[in-house]
Amino acid sequence: MRFSSKTVGLVSAVITVLIWTGFIVIARASASRGLLPLDIALARILGASCVLLPWAWWLMRPARQRGEKVGSLLGLSPLPLAPTVQAGLLGGLLYAVLAYSGFFFAPAAHASVLMPGSLPLWTTLLAWLVLREKVSSSRAVGLGLIVLGDLLVGGVSLLKAFEGGEVWKGDLLFMTAALCWSGYSVTVRRYGLDAVRATMAITAFAFVGFVPLYLALITGGVLPTHLHQAPWTEFLFQAAFQGGGSVVISGITFTQMVRHFGPVRSTMITALVPGLSAMGAVWLLGEPMHWNLLAGLALVTGGILFGVRQAKPAGGAKP
């Protein structure tokens with residue numbers, strides 16, 4: 001049974017938004033449970049690796065049988081070593097470690113504003129610096145609104161740091177995580193990488209670069225861990241959702257969404273994530289919604305929508 005392109009696009013959009021929203025709410029809820037940030041990062045990487053590494057090996061199998069030299073990292077990554085390392089460090093390792101660490105200091109509502117809301121800001125700035133892309137006037141206005149929204153949220157927590165608060169640490173980690181993901185996005189555009197192969201490559205890099213080292217450090221008692229204390233069901237859930245859901249499924253559905261709606265409408269659809277995740281944090285986690293969070297949320301969402309409303313879709317994408 002074949003579904004129409006419209007049906008596939010709509011279903012992909014719904015799944016992408018739900019997973020991106022769930023990522024923020026579930027990651028914050030996990031901070032009050034058993035696993036530590038690096039434990040969750042381990043679960044994410046292992047969960048994604050169980051699916052993507054065998055898939056990448058199978059994808060490169062015909063080329064290997066023809067005697068061609070393909071991929072890197074002992075055949076785990078389908079991309080050459082240079083883009084694998086650059087994309088993997090930013091999008092596969094640093095993003096996960098920084099984001100999960102941030103949830104142990106700041107509430108999900110802050111992440112709702114500062115992570116997805118900051119992506120257009122950092123991506124535009126990096127694309128201007130690295131790719132020499134021009135910034136349109138409408139996008140500049142949208143970025144200005146995003147900056148104001150970020151300042152309303154992060155600035156207040158920074159002021160409270162003088163009173164001994166630690167929320168600013170989480171806000172800083174969220175902003176840095178968004179910067180790393182934007183760096184990954186620019187790397188993908190710079191090298192013209194396929195979305196699926198890029199996702200396989202960053203997972204392969206994280207698996208090779210993080211998993212053995214982390215296991216060695218916790219075994220030697222150098223780093224703390226709660227892997228022995230937390231229920232095994234918690235680790236499996238994190239591996240399934242953070243790895244299988246956030247990395248594998250949303251990576252595929254986001255690509256399908258962009259193919260159907262184009263990059264501009266896709267950005268407008270994902271602008272729902274800050275608001276939905278903030279509401280989820282209030283309803284499901286009982287977090288308070290202060291005036292500065294509401295105002296920051298409105299400014300960031302408005303900045304995303306204003307920045308893309310006059311943008312032209314990329315060639316080949318549907319308007």
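Mentor: One term before we start: helices here are DSSP runs of H or I with at least four residues, strands are runs of E with at least two, and both are numbered from the N terminus.

Trainee: Thanks! What kind of model is this?

Mentor: This is a predicted model.

Trainee: What does the pLDDT average over the protein?

Mentor: The average pLDDT is 86, and 92% of the residues score at least 70. Residues 310–319 are a stretch to treat separately, with a pLDDT below 50. Beyond near neighbours in sequence, that stretch still has 16 contacts in the model.

Trainee: Okay, on to the helices. At roughly what angle do the axes of H3 and H8 cross?

Mentor: Helix H3 covers residues 81–102 and helix H8 covers residues 195–219; their axes cross at roughly 80 degrees and come within 8 Å. That makes H3 roughly perpendicular to H8, because angles of 65 to 115 degrees count that way.

Trainee: Which residues meet there?

Mentor: From H3 you have Thr 84, Val 85, Ala 87, Gly 88, Leu 89, Gly 91, Gly 92 and Leu 93. They meet Ala 201, Ile 202, Phe 205, Ala 206 and Phe 210 in H8. Sorted by class, the contact of H3 with H8 has nine nonpolar residues, four polar ones and no charged ones.

Trainee: And what about H2 and H8, at what angle do they pack?

Mentor: H2 and H8 pack at about 130 degrees, with their axes 8 Å apart. H2 and H8 are therefore oblique to each other. Their crossing is left-handed. The residues in the contact of H2 with H8 divide into 20 nonpolar, three polar and two charged.

Trainee: I'd like to look at one residue in H2. Is Ala 43 buried or exposed?

Mentor: Ala 43 sits in helix H2, which runs over residues 37–65. Ala 43 counts as buried, because its relative accessibility is 0%. Leaving aside neighbours within four places in sequence, Ala 43 is in contact with Phe 235, Gln 238 and Ala 239.

Trainee: How far is Ala 43 from Leu 215 in space?

Mentor: They are 12 Å apart, C-alpha to C-alpha, while 172 residues separate them in sequence.

Trainee: Changing topic: which way do H5 and H7 cross, left-handed or right-handed?

Mentor: The crossing of H5 and H7 is right-handed. H5 is residues 119–130 and H7 is residues 167–191; their axes come within 8 Å and cross at roughly 45 degrees. H5 and H7 are therefore oblique to each other.

Trainee: Which residues make that contact?

Mentor: H5 brings Leu 119, Trp 122, Thr 123, Leu 126, Ala 127 and Val 130. On the H7 side, the residues include Met 175, Ala 178, Trp 181, Arg 189 and Arg 190. By class, the contact of H5 with H7 has ten nonpolar, three polar and two charged residues.

Trainee: What does Leu 114 touch?

Mentor: Not counting residues up to four places away in sequence, Leu 114 touches Asp 150, Val 153, Asp 171, Phe 174, Met 175 and Ala 178. Leu 114 is in helix H4, residues 108–114, and is buried, with a relative accessible area of 1%. The C-alpha atoms of Leu 114 and Gly 154 are separated by 8.0 Å, and the two are 40 residues apart along the chain.

Trainee: Is Leu 74 buried or exposed?

Mentor: Leu 74 is exposed, because its relative accessible area is 83% and over 50% counts as exposed.

Trainee: Last stop, H9. Which residues does Ser 246 contact?

Mentor: Ser 246 lies in helix H9, residues 232–270, and is in contact with Ile 19, Phe 23, Arg 44, Phe 241 and Gly 251, leaving aside neighbours within four places in sequence. Ser 246 counts as buried at 13% relative accessibility.

Trainee: And where is Phe 261 found?

Mentor: Phe 261 is found in helix H9 too, and it is buried, with a relative accessible area of 13%.

Key: Residues are numbered from 1 along each chain as its sequence is written. This is a predicted model: local features need pLDDT of at least 70, side-chain atom pairs count only at pLDDT 80 or more; totals for chains, interfaces and linings use all residues. Side-chain values use heavy atoms; hydrogens and water are left out. Axes are lines fitted to C-alpha atoms, for helices over the stretch in contact, and angles run from 0 to 180 degrees between N-to-C directions. Angles under 35 degrees count as roughly parallel, over 145 as roughly antiparallel, 65 to 115 as roughly perpendicular and the rest as oblique. Contact means heavy atoms within 4.5 Å. Ala, Val, Leu, Ile, Met, Phe, Trp, Tyr, Cys and Pro count as nonpolar, Asp, Glu, Lys and Arg as charged, and the others, Gly among them, as polar. pLDDT is the predictor's confidence in each residue, from 0 to 100. A crossing is left-handed if the near helix is turned anticlockwise from the far one by less than a right angle, and right-handed if clockwise. Buried means under 20% relative accessible area, exposed over 50%, partly exposed in between (1.4 Å probe, protein chains only).
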